[in-house]
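Have the model open beside you as you read.

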Amino acid sequence: MKQTDVTTDQRAILERTEEFVRKTLEKDSTGHDWWHIYRVQKNAIRIMAGEKDGCDAFVVRLAALLHDIADWKFHGGDTKAGSRVARAFLNQHLVDEKTVEHVCEIIDTTSFKGAGVANEIRTVEGMIVQDADRLDALGAVGIARTFAYGGAMQRSMYEPEEKPQMHNSFEEYKNSKGHTVNHFYEKLLLLKDRMNTETGRKLAHSRHAFMEQFLARFFSEWSGET
């Protein structure tokens, strides 16, 4: 069996999970919609296929599908909101407790919490999901999502006098209201070197380079040089 394979019973649960997540997030306009989830699951499957170490594909795919089911950014900063919703859904569908615990741990620890905050991911499954999520924050899609989020949060696009802040705690990061371009420097451009897996690092390289090209062009146009 390939490490990306799941059993027939697991596939049925994954299909019900997809339906649940799609209905929950389909109207989102912040870049955390169903299609973000769709891409993260695809990324996770691709990373699993490229890695030599074995992993639990069912855990990876469930966590990829549920990782943003109740994102703390939209639930008053509550970092446990997502795992609570996920646990209730998985218990309703009689998923075994070991799997539920693992998926909820990944949901609680996947998100970026500041440039100076240590990564909490401890399992290979969590590393794969985190890399898959971070890939969707990079490249052309990452740029589009960043400006979609900034607009939804009523943040200005760019303020030349406001410099990036390398947040040393989650509280600092959570309470930051900086302009959208700063987000590239406070998070997105840091992700390439914080990938957990070899496959994730390879996939991140070209996406990172594209963002650098975009920013160079952005500043050139902003200053009237281009």
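Let us begin with a single side chain in this predicted model. Y38 has a relative accessibility of 35%, so this tyrosine counts as partly exposed. W35 is partly exposed as well, with a relative accessible area of 49%. Both residues belong to helix α2, which covers residues 34-50, and they sit three residues apart, about one turn of the helix.

**Aromatic pairs**

How many aromatic pairs does a search of the whole structure find? The count is 17. W35 and Y38 make up one of them, with an edge-to-face arrangement. In general, a pair of aromatic rings is described by the distance of the centres and the angle of the planes. The table gives both values for two pairs.

| Pair | Centre to centre | Angle between planes | Arrangement |
|---|---|---|---|
| W35 and Y38 | 5.1 Å | 75° | edge-to-face |
| F147 and F184 | 6.1 Å | 50° | tilted |

Is F184 buried or exposed? F184 is buried, with a relative accessible area of 0%. F147, on the other hand, counts as partly exposed at 23% relative accessibility. Both phenylalanines also belong to one aromatic cluster, together with Y158, F214, F218, F219 and W222.

**Charges over rings**

Two rings have a charged side chain over the face. R22 lies over W34, at 4.6 Å from the ring centre. K113 takes up a position over the face of F170, with 5.9 Å to the ring centre.

**A look at helix α7**

Which residues of α7 are buried? They are G139, G142, I143, R145, T146, Y149 and G150. Viewed down the helix axis, these buried residues fall within an arc of 165°, so they line one face of α7. They pack against α2, α9 and α10 (198-222). Just after α7 comes Q154, with a positive phi of about 60°.

Key. Residues numbered from 1 in each chain as written. Predicted model: local features only at pLDDT ≥ 70, side-chain atom pairs only at ≥ 80, totals over all residues. Heavy atoms only, no water. Phe/Tyr/Trp six-rings, centres within 6.5 Å; stacked < 30°, edge-to-face > 60°. Helix = DSSP H or I, 4+ residues; strand = E, 2+ residues; numbered from the N terminus. Buried < 20%, exposed > 50% of the residue type's maximum accessible area, 1.4 Å probe, protein only. Lys NZ or Arg CZ within 6 Å of the ring centre and 35° of its normal. Arc of directions from axis to C-beta. Contact = heavy atoms within 4.5 Å.
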